[in-house]
Amino acid sequence: MPKSNQTMSLHTRLVRSILALSTIIMLSASISIINMVDKKGDENIASETRAWANILAKNSSRFLESDNDISQVKLKEELKQLITTPMINHIHVYRLNDDGSIEYFTSYNKNHNFPAISDKIAQISQLTDIKYQHDHLELIVKITQGQQTLGYLFIQSSLLEKHNFIRKLIYLTLAFLFLSLLLAFAVSQWLFKTTSQPMVKLIDDIGKISKSRNYQTQLARQPYKELDILTKSINLLLLRTDKHISNFVKEQQHTQSQKQALENRLSARTDALKESNQELLSTLEKLHEFQDQLVETEKMASLGDMVAGIAHEVNTPIGLGVTASSLLADKLTEIKTAFENQTLKSSQLKKFLNDGDENIAIIFRNLERAAKLISSFKKVAVDQSSAESRTFNVRGLVDEVLLTLSAKLQSAKVAVSVTCPDELCINSKPGPINQILINLILNSIYHAFDGLEQGTITINIMNLSDQLHINYSDDGIGIDESIKAKIFDPFTTTKRGSGGSGLGMHLVFNLVTQALGGHIVLDEEPEQGVSFDITFPVELAAS
């Protein structure tokens with residue numbers, strides 16, 4: 001839900017705008033003035049410092065030339081007398097010796113409370129230009145006599161007086177800014193008061209019109225041009241609103257009369273439709289009954305196909321077992337006869353024993369194969385007739401279905417490739433899963449591989465996020481574009497004249513969506529054949 005825009009009163013906006021504008025102007029002007037004063041102060045102090053340094057250096061030259069031992073004391077006294085400004089904190093005088101070395105000569109401190117500072121001999125080359133520190137500046141100038149350099153003079157000037165002046169200027173500016181904001185606030189209040197009275201009157205008049213709903217009332221003219229234009233627009237809107245309401249009332253009356261006439265006609269037709277609907281409902285109920293019967297018939301048809309296949313598969317191993325047992329009985333009769341006639345040879349007995357082992361092995365293998373076929377068919381048949389949930393191995397279930405359909409698959413020359421984890425055990429309904437796989441495989445045999453010499457069916461099964469995913473595909477002739485959109489609808493078939501009921505895929509759809517609570521999707525653009533994606537929720541069980 002979008003957040004509603006917060007409204008602001010005109011008074012608040014006017015006051016804020018004036019105060020903000022005044023603050024910006026005053027702050028900008030104050031900062032500019034303070035920066036200009038600060039810069040000018042630095043320039044003046046630097047200029048005065050350089051002038052004092054040159055004067056003091058000139059007066060110090062004669063003392064550096066003298067070899068008198070008290071010249072240092074005399075120069076110090078000279079400096080005390082010459083320096084009359086409180087701006088200078090320290091003076092150092094250094095003498096340049098004949099061998100090029102520089103030594104401390106004398107110094108001056110502002111007063112006895114000012115501690116002495118270390119010499120600046122190592123910084124002579126760096127302080128030839130003025131260097132600014134936090135509260136002072138420093139400079140070193142040469143002391144010369146003609147073209148000869150006698151030494152150097154270090155001077156340190158205080159910036160504290162300038163800083164104090166800037167601080168006082170800031171306090172004065174803040175006080176002036178505060179007074180200016182008070183004046184701006186008073187001016188904004190006066191402006192709002194003089195301009196808001198007509199608007200308040202206009203708002204009251206509009207509120208009265210809205211409450212009384214008398215849109216023929218016209219608002220009075222306003223003293224300000226903008227408000228007067230707004231008043232004229234509102235008056236025009238009121239006239240149009242009144243006209244629109246009048247037209248709306250007339251239309252409502254006309255609509256009401258037409259509605260009454262339409263209700264009378266609808267009442268007559270509704271009675272007739274009730275009778276028709278009753279007949280349609282009874283017909284629809286009969287159609288549902290017939291559809292349920294056809295679906296059950298389709299289930300039984302698929303079961304009949306399995307029975308025929310199982311009967312064919314079981315007859316083969318039973319026939320081989322009967323043949324082997326008959327041959328073994330004949331051999332046994334020969335051995336008994338030879339034994340009774342006392343003509344039995346050891347070689348004959350040895351051959352009988354070897355043949356007997358082979359025949360018994362043949363009988364055992366074929367009876368075991370028949371037992372497995374019957375057991376698999378029994379499991380599939382029991383699962384198809386039951387919708388109960390149980391724990392089972394998915395790969396085993398698929399193998400049982402393929403075993404029951406092996407005769408159909410062999411006769412149609414269809415190979416089945418299954419990819420499924422051997423240890424995948426789930427708790428679900430095996431019956432609907434059996435029916436889904438059987439119907440999909442039979443559908444491929446009857447439709448996808450019709451007219452083809454051989455084919456391949458691929459079944460990929462995996463468990464992801466408590467969902468069993470089954471991808472069923474074949475490389476047959478595919479599905480005609482005309483029936484793709486209605487493949488899961490009942491009675492949709494391409495072999496209606498050849499005995500096809502059109503209920504196979506409808507049965508699969510109902511089993512997936514209703515019995516298993518899942519989804520089945522037809523891949524619209526497979527490279528070859530057909531592909532179905534089936535997913536439904538399952539519960540993993542210990543393997």
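This is a predicted model: local features need pLDDT of at least 70, side-chain atom pairs count only at pLDDT 80 or more; totals for chains, interfaces and linings use all residues.
Residues are numbered from 1 along each chain as its sequence is written, and side-chain values use heavy atoms, leaving out hydrogens and water.

Helices here are DSSP runs of H or I with at least four residues, numbered from the N terminus. Axes are lines fitted to C-alpha atoms over the stretch in contact, with angles from 0 to 180 degrees between N-to-C directions.

| Pair | Axes come within | Crossing angle |
|---|---|---|
| H6 (residues 394-404) and H8 | 10 Å | roughly 45 degrees |
| H8 (residues 430-448) and H10 (residues 504-515) | 9 Å | roughly 155 degrees |

The angle of H8 with H10 makes the two roughly antiparallel, whereas H6 and H8 are oblique to each other. Angles under 35 degrees count as roughly parallel, over 145 as roughly antiparallel, 65 to 115 as roughly perpendicular and the rest as oblique.

Now for the residues that touch, with contact meaning heavy atoms within 4.5 Å. Leu-397, Val-398, Val-401 and Leu-402 of H6 meet H8 residues including Pro-430, Ile-433 and Leu-437. Nonpolar covers Ala, Val, Leu, Ile, Met, Phe, Trp, Tyr, Cys and Pro; charged covers Asp, Glu, Lys and Arg; the others, Gly among them, are polar.

H8 and H10 cross in a left-handed way. Their contact includes Pro-432 and Asn-439 of H8 and Gly-504 and Leu-511 of H10, and its residues divide into nine nonpolar, four polar and no charged.

Methods. A crossing is left-handed if the near helix is turned anticlockwise from the far one by less than a right angle, and right-handed if clockwise.
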